[in-house]
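Look at the sequence and the fold, then read the points below.

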Amino acid sequence: MAESELAEYQRALRVWERMLAMEMDALQRSNLLRRIGNGCLEILEHKNDLEVCRRAIDAYEEALQFYAPESYPALRARVLRGLGSAYSSLADLADRRRSLSRAVSFWEEALGFFAAASFPEDHAAIQNELSGAYRKLAELESRRDNAKLAIAAALAALSIYRSKDQLLDCAAAQLNLAGAYLILAQAAGYAADQADGCRKAMAACREALAAYAQDRYPARYAAAKNRLAIAYLALSQVEEREENCRNALFACREALSGISREEQPLAYAALKNSLGNAYLALAKEAEAR
């Protein structure tokens, strides 16, 4: 979003906030609150902000009190979807476990309306968001169970995206799938299961990379390469240690050649961390000989 668009949403939000003081019926107020929530989400697309997250949540939750499922099922479902997004943004700033759990709860309820047959694109988008949330929850608790839920949600999204030939959406879902397979691999109790999970993660990463041209999507390309590097490092723990460490090094170096620390600081830092881990693993391998 351009700075000018962000400023427009911020101005609109201030107007809508002032309008809440006007006299109106319950439906009008709920529609205005829903608009405020939607405006907050647009702002959050540009920059995650704790105050904006909480304003979105407050607006949506007040609107939801009026949108009964039997009277306004479509409006209720859209508010539920918005609440999931707002709590997902909040999870990056505060109350991570609780916020992710709330996001999952709202998105799961929204899927009751956004059925795959009737609303395939909405259904797929929510499933992909669910996959990301379950994957993040798996890093905090119930690793295997949440990773499996993340995998199921990503596959559900992919079944729709593939049928509609939506390459970039497929790539995003593949990255969630790769992350979930990695968590499952790292939680595996047997070497064979860990290797299987790593290989599935690598396959998903390669699918994503096929859509992310490095010159057009440098940050996404870097994220996919970083996840691929992590999968190689995890695989190196159970087989072909030196070869897989070197594959991880190559993936990191290739991705780093296309991004800068100034323009993509988070992606750059993640790749540097993986690069360091690969060098450390190689050094340990050399010492063990």
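Helix H1 (residues 3-19) packs on H2 at an angle of about 155°, and their axes lie 9 Å apart. The two helices are therefore roughly antiparallel (an angle over 145 degrees). The model is predicted: local features need pLDDT of at least 70, side-chain atom pairs count only at pLDDT 80 or more, and totals for chains, interfaces and linings use all residues. Residues are numbered from 1 along each chain as its sequence is written, and side-chain values use heavy atoms, without hydrogens and water.

**H1 with H2**
- The crossing of H1 and H2 is left-handed (the near helix is turned anticlockwise from the far one by less than a right angle).
- Contact means heavy atoms within 4.5 Å. Residues of H1 in this contact include Leu6, Leu13 and Trp16. Their partners in H2 include Leu32, Ile36 and Ile43.
- By class, this contact has nine nonpolar, three polar and four charged residues.

**H2 with H4**
- The axes of H2 (residues 26-46) and H4 (residues 73-91) come within 10 Å and cross at roughly 35°.
- This crossing is left-handed.
- Asn31, Arg34, Leu41 and Leu44 in H2 meet a set of H4 residues, among them Leu75, Val79 and Gly82.
- The contact of H2 with H4 divides into five nonpolar, four polar and one charged residue.

**Helix H7**
- Buried residues (under 20% relative accessible area, 1.4 Å probe, protein chains only) of H7 include Asn146, Ala150, Leu158 and Tyr161.
- The buried residues of H7 pack against H6 (120-138) and H8 (167-186).
- Just after H7, Asp165 takes a positive phi of about 55°.

Methods
Buried < 20%, exposed > 50% of the residue type's maximum accessible area, 1.4 Å probe, protein only. Helix = DSSP H or I, 4+ residues; strand = E, 2+ residues; numbered from the N terminus. Axes fitted to C-alpha atoms, helices over the stretch in contact; angles between N-to-C directions. Nonpolar A, V, L, I, M, F, W, Y, C, P; charged D, E, K, R; others polar. Parallel < 35°, antiparallel > 145°, perpendicular 65-115°, else oblique.
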